[in-house]
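Dear colleague,

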Amino acid sequence: MLRDQRVLEDLKNYALENCPSIIGYHEPTGEYLYLNQGVHKITGYHSTELVGKSPYDFLHPDDLDHVEKNSHQPALKGHRTESVKFRFRKKSGEFRWLESTVIPVKVEKEVEKLITITTDIHDHHLLKDQLSIQKEINDEISEIAAIGYWSFDVRNKEISWSEKIYEIHGIEPGTEIDYNKAINFYPPGTRLELEQAVEKAINKGISYDLKIPLINNIGQEIWVRTVGLPLIKRGKCIKIFGIFQDITEAVKAENERLSNIAAYLSTQNQHLKEFSQILSHDLRGPLSSLKMLFDELESDDNAELREVKPLIEDNLSQLFEKLNYLTRFTDRAIETRDMRCISIRSSVQKIAENNKSLLLDKEVVIREGRMDWDEVVYHQFKMDSILHNLIENAAYFSDPDKPERFIELSTVLKNNKHYLIIEDNGLGMNITTQRLKRKNRFHPDLSRKGEGLFLVQTLVEGSKGQLKMRSTPGMGTKAIVILDKFKNKEDSH
Amino acid sequence: MKITVCLIDDDRIFQFLTGKMLKEYQEKIEKVFHFYDGAPALEYLRENQHNADLFPEIIFLDISMPNLNGWDFLDEFKTLNPPKQTLIYMISSSVSPEDITRAEESSQIDKYLVKPLSRKKLKESLKEALELLN
């Protein structure tokens, strides 16, 4: 028995000396009477250096009152105090975070001595501080980006939302929320999608990132982005956590952008359709006649048919011209990036050369007026088509009764807008509409079908420009092309 | 009974060949009038709207013409008082669904024919027209 008591005593001493915490024995004033070896490991002091001294001599000035009020005084009143945190100056001079439990030793209700058990919480405390700072940062980011964070405990089905998520849902922060309540904010189709994503996260550990609509507590449809990341432990998903963001404004902006694109494409498609009909009709007409003629030649070798030979040649020429035009257009129209620096003067010269016989026949000269600019970055084929149609029209509708017939080319820079102007002193037309339609014709006495101007309008508007026609019968016509989306060569430097 | 036919089309080859084919029906066709635009055709019809001998029983009408196109011609034709029944066959190279539907829905158009007009198609159309006129 005596031997057992001695072993037990040895064990106590061994535990006391090797305990990682500081075990202290104090006078009621706090003065150290005894400290185990743990003090050296934590503070750098040997117990002999501290015995006889007061702990207050080593506390951080900011923690003196806190320790006295929350630890020392209650202990003197006979209460055990726990988890009082403070900073203690080490032998090296640095302060270290410690946490103490104080146990009063009473003799007949009087506190005779104090026992303290002090542990080192420095690293833990710093980590907690950092986490607290990080949380503040997160909250700020969350507020700015309208992002909330959440978690779902798979085991007990508990859901935890940040304040922002409550706000997004339009409900009071702290309102009790469960899985069913949360999922019911989504419309049925979306609910199923989200449920499947959650199921995959739980069963297969697959994360999700969904952009889905939600009906908030006041019945408004909003769009949210919800990201869920499964937390796997021992091969099993125990928690899903993630972020939650109100993306209604972004979705609205995106929808508006798509709607604008759809409207633009719809207009372009309409232009393309009309253009395609022009070409289809112009090609099919001469082709049909040729087909009839060849059918006739096959069945009847009549000398009379020879009379129509020039007409066939003319028809064939029209057909090939349109065919070449169609081929060039379809090849190049899709090359939307085929923008290059174009000289208007050179382009007009080229077109004049190609229409030499027409200009000579009509005795029309091309001359220059005001030329604010010459070189532009534009779609080459479109520019050629615009100039070709405007110049060819002006030549066709020249006035044979006028002694001099001209087509005047001008380029004007006005209010940062670039104008290309083709003016003539021809027959003129009676234009009553702001926008041209495909079948508008303005010259009753001539055989042109008026589709050239419509084509010019289509090409110009396709590049977000504008065509304005000014004309007076008997005086002449002015075609004003506003090239909005192009760069003057000087501007590009 | 012999009938009068009006060909209204700006395509001279079409006019020549269709006119030539119509000559093969001399026992049924008295006269063929050729017009290269809707305007002179309308002028002729207006002048002869009380003359049954010169007013046509069949009009072959093109859509796309330089001055007065086929559709505008039809609008103007409504204002006339034809002295007898006149069938209007619209004949065009247009395969645009818009034109075809419009022709089908028009009470003025008896038939829409797509070019090229073959001998066979013309024969069938004439046969059908003569049956309707009798």
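**Findings from the predicted model**

In this predicted model, B:Ile29 lies in strand S2 of chain B, which covers residues 29-35. Its relative accessibility is 6%, so B:Ile29 counts as buried, the cut-off being under 20%. Apart from neighbours within four places in sequence, the residues in contact with B:Ile29 are B:Lys2, B:Ile3, B:Val5, B:Leu22 and B:Leu126. B:Met1 is 28 residues away from B:Ile29 along the chain, and the two C-alpha atoms are separated by 8.7 Å.

Turning to chain A, there are 14 helices and 18 strands. Of the 493 residues in chain A, 42% are buried. The accessible surface of chain A is about 29200 Å², and carbon and sulfur atoms account for 51% of that surface. Where contacts in chain A join residues at least 6 apart in sequence, 54% of them link residues at least 24 apart.

One helix pair in chain A was examined in detail. Helix H11 (residues 344-354) packs against helix H13 (residues 380-396) with the axes 10 Å apart and at an angle of about 55°. H11(A) is therefore oblique to H13(A). The crossing of H11(A) past H13(A) is right-handed. On the H11(A) side, the contact involves A:Ile344, A:Ser347, A:Val348, A:Lys350 and A:Ile351. They meet A:Gln380, A:Met383, A:Asp384, A:Leu387, A:His388 and A:Ile391 of H13(A). By residue class, this contact between H11(A) and H13(A) comprises six nonpolar, three polar and two charged residues.

Yours sincerely

Conventions. Residues numbered from 1 in each chain as written. Chains lettered and ligands numbered in written order. Predicted model: local features only at pLDDT ≥ 70, side-chain atom pairs only at ≥ 80, totals over all residues. Heavy atoms only, no water. Helix = DSSP H or I, 4+ residues; strand = E, 2+ residues; numbered from the N terminus. Buried < 20%, exposed > 50% of the residue type's maximum accessible area, 1.4 Å probe, protein only. Contact = heavy atoms within 4.5 Å. Areas by Shrake-Rupley, 256 points an atom, 1.4 Å probe, with all protein chains shown as cover. Axes fitted to C-alpha atoms, helices over the stretch in contact; angles between N-to-C directions. Parallel < 35°, antiparallel > 145°, perpendicular 65-115°, else oblique. Left-handed = near helix turned anticlockwise from the far one by under 90°. Nonpolar A, V, L, I, M, F, W, Y, C, P; charged D, E, K, R; others polar.
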